[in-house]
Amino acid sequence: MLVYFAGDVALGGEKITEREGHYTDDRKPEGFNTKLLFLSPSIRYAAHNIYATQSRYTDKHTGQVYTAQVAFQVLIAPDSYKTGKETIGATHTIDDQFSNEEIEWSTDQRGGTILQGLLVKLEPEQKSIKHAKQEQQGI
């Protein structure tokens with residue numbers, strides 16, 4: 001798995017930058033390095049909307065509308081990362097399995113991660129498009 005860090009230039013010339021709303025070199029706590037790969041052992045943290053943007057998906061066969069999110073499941077080499085506190089401004093415990101003080105991991109080492117899986121979350125919205133159309137037509 002080829003991993004890009006903020007500041008890298010990808011194949012084709014696109015410069016990789018921090019996502020909107022995230023820390024940048026101009027807006028960050030003193031001493032915070034934004035040029036790292038950030039991970040979390042917690043799917044609850046990784047699935048937060050600031051990291052895993054929600055998208056709408058419509059099943060073409062049923063018309064059911066879903067809210068979709070994706071995350072990578074990654075293995076990381078022991079002793080190749082540092083643990084840190086959450087950076088989303090949480091005022092509650094994010095995941096009972098992990099302390100908020102150690103829920104965000106970071107590494108500057110390339111080649112220390114292996115992509116193990118793609119996690120997909122689909123949550124049905126209240127009504128499918130087909131059902132909503134039927135209601136409009138009085139069916």
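Q: Let's start with Arg44: is that residue buried or exposed?
A: Arg44 is exposed, because its relative accessible area is 54% and exposed means over 50%, while buried means under 20% and partly exposed is in between, using a 1.4 Å probe and protein chains only. Before we go on, this is a predicted model, in which local features need pLDDT of at least 70 and side-chain atom pairs count only at pLDDT 80 or more, while totals for chains, interfaces and linings use all residues. Residues are numbered from 1 along each chain as its sequence is written, and side-chain values use heavy atoms, with hydrogens and water left out.

Q: Thanks! Where does Arg44 sit?
A: Arg44 is in helix α1, residues 43-46. Helices here are DSSP runs of H or I with at least four residues, strands are runs of E with at least two, and both are numbered from the N terminus.

Q: What does Arg44 touch, apart from residues up to four places away in sequence?
A: Arg44 touches Ile94 and Asp95, where contact means heavy atoms within 4.5 Å. Arg44 and Asp95 are 51 residues apart in sequence, yet their C-alpha atoms are 6.3 Å apart in space.

Q: How about the whole chain? How many helices and strands does it have?
A: There are 2 helices and 6 strands, and along the sequence they follow the pattern β-α-β-β-β-β-β-α. Of the 139 residues, 27% are buried. If you take contacts between residues at least 6 apart in sequence, 63% of them join residues at least 24 apart.

Q: And the surface?
A: The accessible surface is about 10200 Å², with 50% of that belonging to carbon and sulfur atoms. Areas come from the Shrake-Rupley method with a 1.4 Å probe, and for residues only the protein chains shown count as cover.

Q: Now sheets. What holds strands together in general?
A: Strands of a sheet pair through backbone hydrogen bonds, in a parallel or an antiparallel way.

Q: OK, which strands go with β3?
A: β3 is part of an open, antiparallel sheet of 3 strands in the order β2-β3-β6. Here two strands pair if DSSP finds at least two bridges between them.

Q: Why is one side of β2 left without a neighbour in the sheet?
A: β2 (55-58) stands at an edge with a single partner strand, so one side of it has no neighbour in the sheet, and β6 (113-124) is placed likewise at an edge. Neighbouring strands of this sheet are turned by 40° against each other on average, ignoring direction. For such angles, axes are lines fitted to C-alpha atoms, for helices over the stretch in contact, and angles run from 0 to 180 degrees between N-to-C directions.

Q: How many bridges are there between β2 and β3?
A: β2 pairs with β3 (residues 65-76) over 4 bridges. Tyr57 is opposite Tyr66 in β3, and Ser55 has Ala68 as its bridge partner. The hairpin of these two strands has 6 residues between them, and Gly63 there has a positive phi near 80°.

Q: And on to β6?
A: β3 and β6 pair over 11 bridges, with Leu75 opposite Ile114 in β6.

Q: What about the β1-β5-β4 sheet?
A: This one is also an open sheet of 3 strands with antiparallel pairing. Its edge strands are β1 (37-39) and β4 (82-84), and the twist averages 30° from one strand to the next. β4 pairs with β5 (residues 104-107) over 3 bridges, and Gly84 faces Glu104 in β5.

Q: I clicked on Thr107. Buried or exposed?
A: Thr107, which is in β5, counts as buried because its relative accessibility is 3%. A polar atom of the Thr107 side chain lies 2.6 Å from the backbone oxygen of Ser80. Beyond four places in sequence, the contacts of Thr107 include Phe5, Leu37 and Ile76.

Q: Which residues make up the largest nonpolar core?
A: It has 6 residues: Val3, Phe5, Leu37, Leu39, Ile76 and Trp105. A nonpolar core is a set of buried Ala, Val, Leu, Ile, Met, Phe, Trp, Tyr and Cys residues joined through side-chain atoms within 4.5 Å.

Q: Last one: what is Asp79 doing with its phi?
A: Asp79 has a positive phi near 65°, in a residue other than glycine. Asp79 lies in the loop between β3 and β4 and is exposed, with a relative accessible area of 79%.

Notes. Polar contact = N/O pair within 3.5 Å; in protein donor to acceptor, adjacent residues only side chain to side chain.
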